[in-house]
Amino acid sequence: MIEVESLTKRYPSHEAVSDISFTIERGEVVGFLGPNGAGKSTTLRMLTGFLAPTSGTARIDGISVLERPIEAQRRFGYLPEIVPVYDDMRAYDFLRYRAELKGLSYRAAKREADRVLELAGVVEARDRWIAKLSKGTKQRIGIADALLGDPPILILDEPTVGLDPNQIRHIRRLIKSFEGEKTVFLSTHILPEVEASCSRVVIIRDGKKIAEGDPRKLREEAEGQMTIVIEGPAEPDRYIEALKDCAPVKSARRGEGRSVEVEAMPGDESLDAIFNAVTAQGLGLRRMERRAASLEEVFVGLTTVEELDS
Amino acid sequence: MKGALVIARREIASFFGSPMAYIVIAVWLVVAGASFDFIVRYFAESASRGASDTPLRGWFQMPLIYIAMLIFAPILTMRTLADEKQTGRIEGLLTAPVSPVAIVLGKYLASLVFWLSLWAPTLFYIFILSRYGDVDRGAVLSAFLGVFFLGVGYMAVGVLASALANSQTVAAVLATLALAGTFVLGLGEYIASDAVADILSYVNVYGHMEQAAAGVLDSRRVVYQASTAALCLFLAIRVIDHRRFA
């Protein structure tokens, strides 16, 4: 189980993570979604004990990462943003070394190294020098590393970065197979990744948590509407009246000052329709602007097409 | 402390798998061997000398030996922690269930092995000497114990420099400055007034080694090297641990 409580990381120049809280129950596969630079890696680093939070706490199975890091670290496997491989080692030797570092005996480490090579689908790289491996293979060796010792919790920072579509499918299937068995928390800036592997998602932007829940529902919510603010010389109520029979408009209400907030179907056609409906009634229009819902903005910043990234 | 041993073993394998190790050892052995050759010839040609004047002691009086040490010691340690930071692999180390203590001690232990691997081949010189004359075993033991304790201090200084620096080059420069600085300071023992000379004698590596080669291992200097090591390693651990709060 992972518990994050008001986690904050402040740097002299900016706040990378502000007051983030969430809980991940045993057996859940949860995505941590946000555009690049939103504070995902910083959060994961605080969760794994690499960075100390400015305030707030992170607990792994109830153990404070800051106060008892080693005990907490025994419970999870972590794939950092920078895969910690040594170029001058062979894949198998590296994994054996990492297994021993995680406290496994020499014999168990040998067995584990082979097991995780198989799981991550990189058996063919076993006896090759890491320096000679492709980025995707190194990445999967990093995933294999996280699986060493069969930890109950996996924390993965952008697990499918640098993989080709086949490899992505393999890793997603692997992650999916952990559902119900392991607690998985994976960060990504790719929307389909979350929809493919996660039962729940925590969305972050500019260091703040802005939503949490079922990934598909959130997406529909974000894509299903758009807010438009209009203002003109006439009374706001007259605009609301004028928009009553306008098809793309779901609702209209008074906003700040003399403005009117209109909820409409997404798309530029809605803007045209609103303009036409208002002018048809002979009302003037001095301001018309689209106000993106914060969730929608986030999705706009995300990579929604796989090909762009792989 | 199993973690420290696992880290040390990887570090040692990596060092001896790199060409750097053999270049350093080879150049060092050329310098050490040439100095030894010079001393042996010198002793062969000049007849009367005092009982405490031995080729072993003469060897440890050769400036070239120290110049080489001050250059090579930082090369042995520069990679240890700076490289982990430079590559970002430090994250993988610090998020594995090993403490900063184990990480620093592991790197230090490996560095000591590198240091000993520089010196181990020079035992062969002693073997050659013993073939052609009497060798004072006590002096040999004290000389190599002196070498060992010198490494205890020097490698710790190097590991601390590597913990502080963000690149190997900076680590090497830092360590060289620190080691060469204290070395020169120690030489001040020979020119300073009595009271100051007494203090400087603690850090006088040249005097320490030269006397150790004559069979006198001064406990003050052993204490100096050991406490340097303890302080440097303590600081290195703090530096690594403190990264979390950056």
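Predicted model: local features only at pLDDT ≥ 70, side-chain atom pairs only at ≥ 80, totals over all residues.
**Exercise 1. The fold of chain B**

Task: State how many helices and strands chain B has, and why its radius of gyration agrees with that of a compact globule.

Solution: 
1. Chain B has 13 helices and zero strands, so its elements, read from the N terminus, run α-α-α-α-α-α-α-α-α-α-α-α-α.
2. A compact globule with 246 residues would have a radius of gyration near 18 Å; chain B has 19 Å, and therefore agrees.
3. The box that the C-alpha atoms of chain B fill is roughly 65 × 45 × 30 Å, again along the principal axes.
4. Among the 246 residues of chain B, 43% count as buried.
5. Of the contacts in chain B with a separation of 6 or more, 77% come from residues 24 or more positions apart.

**Exercise 2. Helix 12 of chain B**

Task: List the buried residues of helix 12 of chain B and identify the helices against which they pack.

Solution: 
1. Helix 12 of chain B covers residues 205-213; its buried residues are B:Val205, B:His208, B:Met209, B:Gln211, B:Ala212 and B:Ala213.
2. These buried residues pack against four elements of chain B: helix 3 (55-59), helix 9 (137-164), helix 10 (168-187) and helix 13 (219-242).
3. Follow the backbone past the end: just after helix 12 of chain B, B:Gly215 has a positive phi of about 100°.

**Exercise 3. The side of chain A that touches chain B**

Task: Count the residues of chain A and chain B that are in contact, and determine which element of chain A gives the largest share of its side.

Solution: 
1. The contact involves 19 residues of chain A and 19 residues of chain B.
2. On the chain A side, helix 2 (69-73) and helix 3 (91-101) are the elements that give two or more residues.
3. Helix 3 of chain A gives the largest share, three residues.
4. By type, the residues on this side of chain A are 11 nonpolar, four polar and four charged.

Methods
Residues numbered from 1 in each chain as written. Chains lettered and ligands numbered in written order. Buried ≥ 20, exposed ≤ 12 C-beta atoms within 10 Å, placed from the backbone. Contact = placed C-beta atoms within 7 Å. Rg over C-alpha atoms; globule rule 2.2 N^0.38 Å. Nonpolar A, V, L, I, M, F, W, Y, C, P; charged D, E, K, R; others polar.
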